[in-house]
Amino acid sequence: MRLIIKMAWRNLWRNKKRTFIALSSVFFAAFLCMVFGSFMEGATDYMIDTTIERQIGHFQVMNPEYKDDKIVDNFLIISQKQLNSWESNPKISRLNPRIETFAMAWNGNKTRPIGLIGVDPRRENLFSKLEKRIRLGHYLSQKDNGIIIGKHFSQSMNLNIGDTLTLIGQGYHGATASGLFPIRAIMNSYDAQTDASIAYTSISTARDFIDLPDGASYISVLLKDEKNINEVINELRQDNKGNNYRFEPWEELIKNTMAGIASDKKTFALFFYILYIVVGFGLFGTVVMMTNEREKEFSVMSSLGMKKKSLIIGLFFELLIINIIGLILSIIIATPIITYFHSNPVHLTGQMARAMDEYGIEPIFPFALEIKLFFNQIIAITLMSIFTIIYPIGKLSRLSIIDTLRK
Amino acid sequence: MGNSVIKINNLSKIYKEGVNEVHALENIDLTINQGEFTAIVGPSGSGKTTLLNMIGGLDTPSSGNIIVNQTNLSSLSYNELINFRRDNVGFVFQAYNLIPVLTALENVSFIMDLQNIPSKISRKRAIELLESVGLGDRINSRPSKLSGGQQQRVAVARALASKPKFILADEPTANLDSKSAENLLDIMEQLNRKENITFIFSTHDQRVMNKARRIIKLEDGRVV
Ligand SMILES: Nc1ncnc2c1ncn2[C@@H]1O[C@H](COP(=O)(O)OP(=O)(O)OP(=O)(O)O)[C@@H](O)[C@H]1O
Ligand SMILES: [Mg+2]
């Protein structure tokens with residue numbers, strides 16, 4: 001075996017340029033896969049994490065009917081006392097009750113439909129940092145009867161701070177909802193669509209507006225540790241046996257986003273399969289050349305008494321050396337890069353950054369540091385080595401010593 | 001003839017090339033004894049290479065038998081034949097065919113390494129062999145740094161390394177100038193005389209034939 005390894009190593013130096021090219025292609029494939037894979041994983045993980053932390057929580061509590069039919073009558077009835085007791089659960093970090101309803105907004109002869117969101121100003125601010133989005137005026141006080149509107153909405157409706165907006169909508173159990181809302185603040189929104197169609201008021205004012213005794217559309221619950229999700233859900237379910245609550249975990253809440261991420265990841269993976277296939281064929285070509293130009297040597301060694309198995313193992317070692325060095329180099333160079341961007345994430349600028357900022361999300365892209373990334377390259381390169389060794393196996397098993405020696 | 005190394009009975013080899021049949025060897029009967037220094041001669045295409053390949057277990061007969069030390073080569077499997085070659089036959093090729101990535105010393109140790117002989121022993125023997133072919137000062141040279149004559153002497157040392165029953169050399173001097181050829185032949189002859197090693201070689205070269213103690217003449221695949 002020592003002889004085989006020694007010969008494999010020296011054979012690599014016979015054609016330095018070719019060895020170098022083969023080695024670099026392995027290196028670049030593994031390097032690109034690791035760095036971009038880390039970026040991709042990191043970006044999606046960060047997006048999911050911040051969506052959970054800033055928007056939806058680890059799970060939401062709602063009326064079972066609400067999931068498919070988001071009408072006022074399907075809102076959840078829950079007392080403040082109950083909410084406070086959940087909030088004091090040591091496994092729960094914070095929670096956020098919200099009311100989401102639709103209304104027709106009215107000012108003079110202008111009307112516009114709008115989504116009215118009733119928030120607990122303190123709790124909402126812990127989640128989405130709503131206060132940061134205010135560009136004019138003041139944030140809502142706890143039981144504020146005022147409203148926060150978007151810039152585009154204020155322009156199209158001709159409204160300013162201090163003006164009063166009239167809303168008409170659908171109340172609880174068939175009542176008609178109507179109310180007057182003084183404009184407290186005008187906020188930034190990254191896209192005009194959201195800006196023109198969403199307004200915030202305090203949850204108590206929203207309840208009064210729709211005539212809901214005590215409750216919310218849903219309650220978002222953020223845990224201190226995601227691991228406890230099932231435990232906490234079961235706990236809450238036990239404590240509220242009398243009430244028919246639905247507990248919706250975050251995967252369900254952003255099902256579409258998750259499906260989108262999964263398909264993005266597939267596209268991304270496909271790109272890297274192709275990269276490896278290209279590199280694999282490159283290596284295959286190298287191995288074909290290596291085998292063919294050494295046909296005579298193989299015949300000589302075989303006539304001297306070396307088994308074909310050993311000849312193939314020798315070639316496999318050459319491949320392995322190329323692949324292992326390429327892989328190790330790529331890990332050595334990629335690891336510090338990934339680690340650096342893991343702890344010093346890329347800071348975004350421009351439109352996207354502002355949009356994230358508005359939603360209380362720090363505009364960064366941290367890289368993921370996952371052992372899986374390295375492991376995948378090892379698997380890919382192993383498969384590639386197995387694929388490339390097929391040719392010499394076929395060639396050597398058909399090798400005719402006497403014909404080759406005659407040449 | 002208790003000391004016969006190789007016994008060939010009624011050996012024939014037919015190569016098929018499409019519809020044509022080439023009778024490379026026909027009904028050969030031959031006995032080679034321990035310690036012979038024998039030349040196989042004959043015109044081009046007479047079957048010299050074919051006969052040597054058969055004896056060395058590189059090619060298989062169409063009919064007839066080759067018996068080396070009681071072993072009928074036809075009875076050996078592919079892998080058994082590889083081991084047979086490793087342990088019994090020393091090959092010297094016309095084109096030297098040293099392994100380019102190995103030094104002279106490593107080329108000579110090659111077969112001993114295949115036999116799993118401890119490297120301390122194989123190294124010592126390889127150095128002795130290289131010294132005996134006059135290359136004691138070139139043991140660490142790669143083949144590309146050696147002349148043709150030197151390479152062929154390394155090849156002879158390599159052929160001797162496993163202490164084979166006999167050495168087969170197919171036109172060992174064909175690529176050498178006359179001085180190197182003579183030198184090589186002298187070395188082979190010396191080894192044959194001193195250590196009683198059996199040599200069978202093919203040649204076109206009259207001077208090489210003159211050194212042989214027995215000449216087997218082939219013509220159209222027959223011994224004449
Ligand atoms: N693999 C093969 N397929 C078909 N015919 C072959 C094959 N090998 C050898 N022959 C034929 O067998 C005959 C004997 O060939 P061989 O090589 O043994 O001759 P030789 O005496 O060694 O000739 P030379 O002196 O030119 O080396 C020739 O006619 C040759 O064409
Ligand atoms: Mg010949």
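**Exercise 1. Identify the helix that gives the largest share of the lining of the largest pocket, and describe that pocket.**

*Solution.* The largest share, five residues, comes from H2(A); helices (H or I, at least four residues) and strands (E, at least two) are DSSP runs, numbered from the N terminus. The model is predicted: local features need pLDDT of at least 70 and side-chain atom pairs count only at pLDDT 80 or more, while totals for chains, interfaces and linings use all residues. Residues are numbered from 1 along each chain as its sequence is written, chains are lettered from A and ligands numbered from 1 in the order in which they are written, and side-chain values use heavy atoms, with hydrogens and water left out.

Step 1 concerns the terms. On a 1 Å grid over the protein atoms alone, a pocket is an open set of points with protein on both sides within 12 Å along at least five of seven lines, a cavity is a set where a 1.4 Å probe fits but cannot get out, and lining residues have an atom within 4 Å of a point. Grid points are joined across faces, edges and corners, and a volume is the space filled by probe spheres set on the points.

Step 2 gives the pocket. Its volume is about 920 Å³. The lining has 29 residues, and Thr51(A), Gln55(A), Ile56(A), Arg98(A) and Glu100(A) are the closest to the centre.

Step 3 sorts the lining into 15 nonpolar, six polar and eight charged residues. Here Ala, Val, Leu, Ile, Met, Phe, Trp, Tyr, Cys and Pro count as nonpolar, Asp, Glu, Lys and Arg as charged, and the others, Gly among them, as polar.

**Exercise 2. Describe the packing of H10(A) against H14(A).**

*Solution.* Helix H10 (residues 255–293) and helix H14 (residues 371–397) of chain A pack at an angle of about 35 degrees, with axes 9 Å apart. Axes are lines fitted to C-alpha atoms, for helices over the stretch in contact, and angles run from 0 to 180 degrees between N-to-C directions. The residues of this contact divide into 13 nonpolar, five polar and one charged.

**Exercise 3. State how many cavities of 30 Å³ or more there are, and what lines them.**

*Solution.* The count comes to two. The largest cavity holds about 120 Å³ of space. Of its 14 lining residues, Met7(A), Asn11(A), Phe298(A), Met301(A) and Gly314(A) lie nearest the centre, and H12(A) gives the most, with five residues.

The second largest cavity holds about 40 Å³. Its lining includes Asn11(A), Arg18(A) and Glu318(A), and H1, H2, H10 and H12 of chain A each supply at least two residues.
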